[in-house]
Amino acid sequence: MSRYLVDKAGRRLVFLAALVAILILLLIALFTFKEGLPAFLKIGFVKFIFGTKWSVAGGEFGILPFILASIYVTLGALLLSVPLGVSCAIFLAEVAPHRAREIVRPTVELLVGIPSVVYGLVGMLVVVPRMGDSLLAAIIVLTVMVLPTIISISEDSLRAVPHGYKEGALALGATHWQAIWHVMLPQARSGIATAVILGMGRAIGETMAMIMVIGNSIIIPTSPLSPARTLTGTLAMELGYASPGSLHWSALFATGVVLFILILALNSIAFIQRREGEG
Amino acid sequence: MEPKIETKSLSFYYGVKQALRNVTLAIKEHQITALIGPSGCGKSTFLRCLNRMNETIPKTRMEGEVLLDGKNIYSPGEDMVEVRKRVGMVFQQPNPFPKSIFGNVIFGPTMLGINHKARLEGIAERSLRAAALWDEVKDDWKKKSGVSLSGGQQQRLCIARVLAVNPEVILMDEPCSALDPLATLKIEELMQQLKMQYTIVVVTHNMQQAARVSDWTGFFLMGEMVEYGPTKVIFTNPQDRRTEDYITGRFG
Amino acid sequence: MAKIVKLLRLAIGVVLCLGLILSSGGLVQAQGLEGTIKLSGSTSLQPVTMKLAEAFGSEHPRVNISVSGGGSSVGIREVDEGMVDIGMSSRELTSDDPPLFIHPICRDGIAIIVNLRNPVGGLTREQVVRIYTGEITDWGEIGGEWEKITVISREEGSGTRACFDEKVMKERKIFPQSLVYNSNGIIRTKVAKDPKAIGYVSLGYVSGVKPVAIEGVEPTMDNCKSEDYPLVRRLLFVTHDEPGGVIKGFIDFCQGDAGQKIVAEAGYVTL
Ligand SMILES: Nc1ncnc2c1ncn2[C@@H]1O[C@H](COP(=O)(O)OP(=O)(O)OP(=O)(O)O)[C@@H](O)[C@H]1O
Ligand SMILES: [Mg+2]
């Protein structure tokens, strides 16, 4: 009886905690939407999303350059970090001698905890002098930032693949590489997708390090070497100056709404990919 | 007749722990050889030495020779992938890949570079027939996942998968231990059919099974091969006291 | 035994009370001011304000001062909403801002800086304008090496940018291809690392980079004080009401000799 009660109370508590968490998130979203709504109404949805000029003094608020920059930077970083990170995970899980792994793995995990300003600073002093303030510099910095996450989660999921699968493949005359590519990787796909989703979240949300290397010019980037400004960068740089209730203020919150939707969309794509991987 | 596989003074170590001691054994072609012995005596270790599977385990060491058709499979020029194609293996736990039945069977041939669809289908059907699984799965073998089969079906799928690579020897490590008596019977019948074409080495804990299906039996104890001979002799007139004790169940 | 302990406790208590009475009495005699002051706003003003608060606090131990950043607009807003007592602003108030009382604390020069290796040592205002509008794109056009100029600006809304816009650009607009960074420190580092870069920062940040003369006038402390150098702005405290009490005390202190000495030490131009 009492065990039943404890069980019930525990379940209620967990449910309540979940509810509170969701409620808080909902409130934040609601607040953002509410503050951003006037901008959508006054500027017009299409003109806001597809406008290419952003000038506070001129009263022009178009965020297409920021949207494109955020997407380019995120996809660029994933394009580099996923193959690199997964290769590295394969190396650690399957190839590296035990001792090498014992050194590399904690180092990789340590990198996850480094604050992004440090990455930004290193990017500013090492990457930017070689290619200028640009999308590419931002992509490289981001790649380095998300690599540790992708490596460690991918490695974990590779290790979680039942040993029988690998042995089964090897016993059928597959080479080690074939066993990894055709059996272990598909098996670890869902874990790797999780790594990609997390990496993507970090990439699109990253602000500090991006602001320091991307140049923040309000232009539509035309090449990897062109500077650009991301959605988060705009928010971080300008929110302090906007007076509440002004069109600028509202436009910044509307930018937040777009960021919110963009993250949602990218996550759903990755999520569906993962689902298909499991099915 | 020349033995198909022959081991000479085979010793094996997991780190410092010795799991096999000087095992010398000749396995005849187109015969079923059963390996019996108490748990932990080294049967699996021995089996895995025959297709170089033990090399996937780090910190292990082997001494002695394993000859396949008279040639040492561990000599520097030999490729272990090549060896595993010639010596297939079925594991104790059925381990089909989470792919379709078809995908499972053609895995080996695809790895060998065969990608002609009709040819793969031919191989797959032949292998499934040979593994006595065809009739049960022929309707949805392209769609149905190998993992969704019953345990006995899964094990036959694993056998079909091995057959598709067209090996010369099939190693089976307790292939029936996860199966019910009916499924076990099916696998045993299958082994009888397969021995016409293949040489089979099977590890089993089941005395009756060894007596029923095998032509030759080897008895292992604590890493040593105590006695090896025709199954009839081992079960009716063992030379070694320890073999007799084990077979009659007077032994751990 | 227990009695002795009791006695000891009593004795300690008496001594402690006496000490407390004496010390607090001494404080009350020496100090007139007490209370708390909250400030927020411009990050350019934040460091020097903290130094001023420290000095004021050591003279008036019962005054508690907290200084936080957020940017000029945040300071202006929070003063207007009554969340802080004093807002710090590195820009002049505009007609969009609420009506507030203005108390200049110090002035700041804005230096236009280039890399130390850049041979260009002076520019006309017109040249600066044409660089920042993207009409001049190469150092070669203005007496330097033939290399493309990396133009770095501050973000819209910052006091430094507002001053630059007002005093240099006038009605011209900075071209959108210019890089934008949101702190003096970052811009200094960028210019120090990039031989082709040009940027502008507060006078206090000029080190490791070369300040260029505008119309032949170097951005020195003296030239800023006399306002011969054109890029000088006021840094302000703003209050909601006519200040009184501790708040007036603090502002008077900052504007007075002692405060201005601290201001000068911090690299700012005195009033
Ligand atoms: N991967 C391994 N690492 C270390 N020791 C091992 C490993 N595999 C087996 N051993 C040891 O080697 C000895 C022989 O093991 P093996 O698996 O060959 O026995 P077995 O005869 O197959 O037993 P069972 O009938 O229980 O399957 C055992 O003592 C076992 O503990
Ligand atoms: Mg075993």
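This report walks through the chains, sheets, packing and aromatic contacts of a predicted model.

## Ground rules

Because the model is predicted, local features need pLDDT of at least 70 and side-chain atom pairs count only at pLDDT 80 or more, while totals for chains, interfaces and linings use all residues. Residues are numbered from 1 along each chain as its sequence is written, chains are lettered from A and ligands numbered from 1 in the order in which they are written, and side-chain values use heavy atoms, with hydrogens and water left out.

## How the chains meet

Let's start with the chains. There are 2 pairs of chains in contact, and chains A and C share the most contacts; contact here means heavy atoms within 4.5 Å. Chains B and C do not touch, and their nearest C-alpha atoms are 50 Å apart.

## The mixed sheet of chain B

Chain B holds an open sheet of 6 strands with mixed pairing, in the order β6-β7-β8-β3-β9-β10. Helices (H or I, at least four residues) and strands (E, at least two) are DSSP runs numbered from the N terminus, and two strands pair if DSSP finds at least two bridges between them. At the edges sit β6 (87-90) and β10 (224-230) of chain B, each pairing on one side only. On average, neighbouring strands of this sheet are turned by 15° against each other, direction ignored; axes are lines fitted to C-alpha atoms, for helices over the stretch in contact, and angles run from 0 to 180 degrees between N-to-C directions.

Helix α7 (residues 151-164) of chain B lies across β6 and β7 of chain B, at about 170° to β6(B). Helix α8 (residues 181-194) of chain B packs on the sheet and touches β3 (32-36), β7 and β8 (199-203) of chain B, its direction making about 150° with that of β8(B).

## The antiparallel sheet of chain B

A further open sheet in chain B has 4 strands in the order β2-β1-β4-β5, with antiparallel pairing. Its edge strands are β2 (17-27) and β5 (71-72) of chain B, each pairing on one side only. Strands β1 (residues 5-14) and β4 (residues 60-68) of chain B are joined in the antiparallel sense by 8 bridges, and B:Ser11 stands opposite B:Glu63 in β4(B).

B:Glu65 also lies in strand β4 of chain B. At 33% relative accessibility B:Glu65 counts as partly exposed; the scale runs from buried (under 20% relative accessible area) through partly exposed to exposed (over 50%), using a 1.4 Å probe and protein chains only. B:Glu65 and B:Lys8 are 57 residues apart in sequence, yet 5.0 Å apart in space, C-alpha to C-alpha. Not counting residues up to four places away in sequence, B:Glu65 touches B:Glu6, B:Thr7, B:Lys8, B:Leu10 and B:Asn72.

B:Thr231 is found in helix α10 (residues 231-236) of chain B and is buried, with a relative accessible area of 5%. Its side chain makes a polar contact with the side chain of B:Thr217 at 3.0 Å. A polar contact is a pair of N or O atoms within 3.5 Å; within protein, one must be able to donate a hydrogen and the other to accept it, and residues adjacent in sequence count only if both atoms are side-chain atoms. Leaving aside neighbours within four places in sequence, the contacts of B:Thr231 include B:Ala210, B:Ser214 and B:Trp216.

The charged end of B:Lys28 sits over the ring of B:Trp216, 4.5 Å from its centre. B:Arg161 lies over the face of B:Phe97, at 4.4 Å from the ring centre. Such a charge has NZ of Lys or CZ of Arg within 6 Å of the ring centre and within 35 degrees of the ring normal.

## Aromatic pairs and a strand in chain C

Rings of Phe, Tyr and Trp (its six-membered ring) pair if their centres lie within 6.5 Å, with planes under 30 degrees apart stacked, over 60 edge-to-face and the rest tilted. The count comes to 22 aromatic pairs over all chains. A:Trp54 and A:Phe61 form an edge-to-face pair, 4.9 Å centre to centre with 80° between the planes, and both are buried. A:Trp54 also pairs edge-to-face with A:Phe66, at 5.3 Å and 65°. A:Trp54 lies in strand β1 (residues 54-55) and A:Phe66 in helix α3 (residues 64-95) of chain A, so this pair ties together parts 12 residues apart in sequence.

In chain C, C:Phe56, C:Phe237, C:Phe250 and C:Phe253 form one aromatic cluster. C:Phe237 is the bridge partner of C:His103 in β11(C). Of the 8 residues of strand β11 (residues 232-239) of chain C, 7 are buried, so the strand is largely enclosed by the rest of the structure. β11(C) pairs in the antiparallel sense with β3 (residues 86-89) of chain C over 3 bridges and with β4 (residues 101-114) of chain C over 8 bridges.
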